[in-house]
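Me: I have just opened this structure and would like to be walked through it. Could we take one topic at a time?

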Amino acid sequence: MLVRPKPGILDPQGEAVQRSLRQLGFPVGEARVGRVVDLELENGDPERARAELERMCEQLLANPLIESYEISVTPE
Amino acid sequence: MSDSPKIAVVVFPGSNDDRDAALALEQLGADPVLVWHAERELPPVAAVVLPGGFSHGDYLRCGAIARFAPVMAAVRRFADEGGLVLGICNGFQVLCEAGLLPGVLRPNASLSFVCRDVPLRVERTDTPFTTRAERARRLTIPVKHGEGCYFADEELLAELEASGQVVLRYESNPNGSLADIAGLVNEAGNVFGLMPHPEHAVDPLLGSSDGRLVLGSLVDAATAA
């Protein structure tokens, strides 16, 4: 799961990263910092796994007021 | 219960201002009861305080994990029935994550931890948490937090302002909070959250005793409850 600050939401972490990268000489534009959550699931069915992950994001992993999320499922 | 109202102070793993809150309430004439987060029921109390600290290490987002503590279901029922609930700092963050107060607290705009006395303006003295502040509309109370930047979207902020839910504002904003918001109540007016720590300002020896006005108001309201 990828959780990131919604567009338009002030992201002081992203700003700090942008400043540091520019100081190092990388001419970067806007930087945004989010969070990655890697999870192993026993659930064999990718569709059901995706639905379950969505509920996890809604309930705990993201705060919908300020964060959006993306889910990707990789069967092993 | 009229003489010495019982007030629950919830203790989460990582709370660190629970004892200061209890001590301050006791000095103000209340009978504080520490309640562990794993409890499913609250003892019979006239008010509940969620104290400051770093519940569950503040992992993920501050307050995000504590809101699922068993005791929080009881706190929600208590609040729904009109019970008085005060959240200080981490307690404020927990109340926001739990949806008992609107909005969210984010990392300070400066990304630095702030720890200092801040001047506050009291916008309302008709809440159960601010009646004693009538004579002193300006308070000096310390903040100490890394994630106290209040955020609400435009629509929500307009609602909060229209309904007069902003109770405390910073006179000098330490964290980038929207509209200088330092503390706010829910629509019903029985749940209050603030980032400054009134329990650390209850004795002139500590630099200010303005915190007594906030906690004393709560004790008054709990006595009447």
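Reply: Let us begin with a loop: B:Asp180 lies between β9 (166-170) and β10 (181-185) of chain B. Please keep in mind that this is a predicted model.

Me: What is phi of B:Asp180 near?

Reply: Phi of B:Asp180 is near 60 degrees, a positive value in a residue other than glycine. Most residues other than glycine have a negative phi.

Me: How many C-beta neighbours does B:Asp180 have inside 10 Å, and how does the residue count?

Reply: B:Asp180 has 18 C-beta neighbours inside 10 Å, so B:Asp180 counts as partly exposed. A residue needs 20 or more to be buried.

Me: And B:Leu60, where is that found?

Reply: B:Leu60 belongs to the loop that links β3 (47-50) with α2 (70-80) in chain B. Its phi is near 70 degrees, which is positive although the residue is not a glycine. B:Leu60 counts as partly exposed because it has 17 C-beta neighbours inside 10 Å.

Me: Stepping back, how many helices and strands are there in chain B?

Reply: Chain B contains five helices and 11 strands. Its C-alpha atoms fill a box of roughly 40 × 40 × 35 Å along the principal axes.

Me: What radius of gyration would a compact globule with 225 residues have, and what does chain B have?

Reply: For 225 residues, a compact globule would have a radius of gyration near 17 Å; chain B has 16 Å, so the value agrees. Of the 225 residues of chain B, 56% count as buried. Among contacts in chain B between residues at least 6 apart in sequence, 75% join residues at least 24 apart.

Me: Which way do β1 and β2 of chain B run, parallel or antiparallel?

Reply: They run parallel: six bridges join strand β1 (residues 6-11) to strand β2 (residues 31-36) in chain B. Together with helix α1 (residues 18-27) of chain B, β1(B) and β2(B) make a right-handed β-α-β unit.

Me: Now chain A. What is the strand order in its open sheet?

Reply: The open sheet of chain A has three strands in the order β2-β1-β3, with antiparallel pairing. In chain A, β2 (35-36) and β3 (67-70) stand at the edges; each has a single partner strand, so one side of each is left without a neighbour in the sheet.

Me: How many bridges join β1 to β2(A)?

Reply: Two bridges join strand β1 (residues 2-5) of chain A to β2(A). A:Val3 has A:Arg35 in β2(A) as its bridge partner.

Me: How far is A:Met56 from A:Arg35?

Reply: Their C-alpha atoms are separated by 14 Å, and the two residues are 21 apart along the chain. A:Met56 is part of helix α2 (residues 46-61) of chain A. It counts as partly exposed because it has 16 C-beta neighbours inside 10 Å.

Me: What about helix α1 of chain A: what should it span?

Reply: At 1.5 Å a residue, the 12 residues of α1 (residues 12-23) of chain A should span 16 Å, and the end C-alpha atoms are 17 Å apart, which agrees. Just after α1(A), A:Gly25 takes a positive phi of about 95 degrees.

Me: Last topic: how many residues does the contact take from chain A and from chain B?

Reply: Eight residues come from chain A and eight residues from chain B. On the side of chain A that touches chain B, the largest share, three residues, comes from α1(A). By class, that side of chain A has six nonpolar, two polar and no charged residues.

Notes. Residues numbered from 1 in each chain as written. Chains lettered and ligands numbered in written order. Predicted model: local features only at pLDDT ≥ 70, side-chain atom pairs only at ≥ 80, totals over all residues. Helix = DSSP H or I, 4+ residues; strand = E, 2+ residues; numbered from the N terminus. Buried ≥ 20, exposed ≤ 12 C-beta atoms within 10 Å, placed from the backbone. Pairing = 2+ DSSP bridges. Expected span 1.5 Å × (residues − 1). Contact = placed C-beta atoms within 7 Å. Nonpolar A, V, L, I, M, F, W, Y, C, P; charged D, E, K, R; others polar. Rg over C-alpha atoms; globule rule 2.2 N^0.38 Å. Right-handed = clockwise from strand over helix to strand, strands pointing away.
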